[in-house]
Amino acid sequence: MGVSDLRDLQAGWRLSGEPKVTIAAENVRLRYTVSRSSGGAWWRRGGKRSVTGPVLRGITMAAREGEMVGIVGLNGSGKSSLLRVLAGLQPATAGTVVASAQPQLLGVSAALVPELSGEENIWLGTLAMGMNPEDAYFAKERIELLAGIGDAIKQPMKTYSSGMGARLRFAISAAADPEILMIDEALSTGDASFAERAKEAMQGLITRAGTVFLVSHAAKTIEDMCTRAIWLDAGTLIADGPADEVANMYRYYAHSIALGKEEAAKNALLSATASHPPSISQ
Ligand SMILES: Nc1ncnc2c1ncn2[C@@H]1O[C@H](COP(=O)(O)OP(=O)(O)OP(=O)(O)O)[C@@H](O)[C@H]1O
């Protein structure tokens with residue numbers, strides 16, 4: 001993933017006059033290989049066999065500076081897998097990803113230790129993300145305010161609820177001011193006041209010319225937080241467009257699925273692709 005690759009790709013996306021592309025994927029495919037026992041009674045089982053399945057089926061997209069891109073889709077549609085591939089944490093089976101900077105995937109890069117207190121983990125996390133000690137020192141108060149977990153910050157992280165842990169990881173990641181920040185569902189774990197602070201923190205990142213990706217299967221989260229949304233279904237890009245419009249179409253689709261209205265769901269997919277077609281590289 002060299003800089004020249006990105007320049008080629010930026011030229012390929014013909015973005016003259018538009019904000020700089022920070023990350024782009026070209027025909028990205030992913031298959032997981034899972035090893036399963038071959039079945040039958042346990043005393044007759046003869047070893048393991050490999051099962052592979054397509055998870056991403058040729059994703060082509062680009063994101064630009066200043067965009068907050070929501071990735072929406074049903075459970076198992078491939079949202080987290082796409083984030084991991086874009087972040088370089090999961091190699092694609094085929095296709096190319098290029099980025100102008102190492103994306104920061106919330107909660108993974110910050111190597112937190114459950115036995116240490118929240119405070120100690122802030123220190124550890126900020127240094128692990130490459131901040132110098134002085135910046136880490138000044139970031140601490142900002143992180144504590146954003147996480148909003150009060151005195152629990154002095155307690156070991158293993159005593160935190162999953163929501164508290166997610167909020168602290170979000171606050172640490174946001175403090176690093178990454179050029180490309182990727183957030184996987186973390187915001188759904190906070191209360192309304194945390195959601196408001198998180199939104200402000202993300203707006204701050206955006207005004208500093210970052211790109212934020214936010215994964216959620218809740219249309220409302222995407223609507224509230226994002227400027228643009230892409231919709232994944234069974235590993236395929238269905239639609240790409242303004243967050244409120246894509247979220248609305250997805251909401252109708254998810255509702256139809258929940259009610260067992262297969263024909264309506266199928267039509268919703270088709271009309272979303274027709275009205276908000278995903279970008280195609282040129
Ligand atoms: N490590 C893995 N090994 C094998 N299969 C996997 C692995 N991770 C994900 N999968 C499969 O890939 C598919 C997509 O999973 P993924 O987590 O990307 O979807 P998602 O849209 O983020 O789902 P959710 O909304 O439930 O978090 C699922 O069928 C899942 O079972």
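**View 1. Burial and overall make-up of the chain.** Of the chain's 282 residues, 39% count as buried, where buried takes 20 or more other C-beta atoms within 10 Å of a residue's own, with C-beta atoms placed from the backbone. What you're looking at is a predicted model, where local features need pLDDT of at least 70, side-chain atom pairs count only at pLDDT 80 or more, and totals for chains, interfaces and linings use all residues. Residues are numbered from 1 along each chain as its sequence is written. The secondary structure comes to nine helices and nine strands; these are DSSP runs numbered from the N terminus, with helices being H or I of at least four residues and strands E of at least two. Among contacts with a separation of 6 or more, 68% come from residues 24 or more positions apart, a contact being two backbone-placed C-beta atoms within 7 Å.

**View 2. The open, six-stranded sheet.** Its strand order reads β5-β6-β7-β3-β8-β9, and the pairing is mixed; to pair, two strands need at least two DSSP bridges between them. β5 (104-105) and β9 (236-242) sit at the edges with a single partner strand each, so one side of each has no neighbour in the sheet. Zoom in on β6 (residues 180-184) and β7 (residues 211-216) and you get a parallel pair with five bridges. There, I183 stands opposite L214 in β7.

**View 3. Two helices lying across strands of the sheet.** Helix α8 (residues 243-258) lies across β3 (68-72), β8 (228-233) and β9, and runs at about 135° to β9. Helix α9 (residues 262-275) lies across β8 and β9, at about 55° to β9. For these angles, axes are lines fitted to C-alpha atoms, for helices over the stretch in contact, and the scale goes from 0 to 180 degrees between N-to-C directions.

**View 4. The shell around the ligand.** Around the ligand you'll find Y32, V34, V55, G73, N75, G76, S77, G78, K79, S80, S81 and H217, using a cut-off of 6 Å from the backbone-placed C-beta atom. By type, the shell splits into three nonpolar, eight polar and one charged.

**View 5. Helix α3 and its packing.** Buried residues of α3 (residues 118-128) are G118, N121, I122, W123, G125 and T126. They pack against α4 (133-147) and α5 (162-175). Just after α3, G130 takes a positive phi of about 100°.

Note on methods. Nonpolar A, V, L, I, M, F, W, Y, C, P; charged D, E, K, R; others polar. Buried ≥ 20, exposed ≤ 12 C-beta atoms within 10 Å, placed from the backbone.
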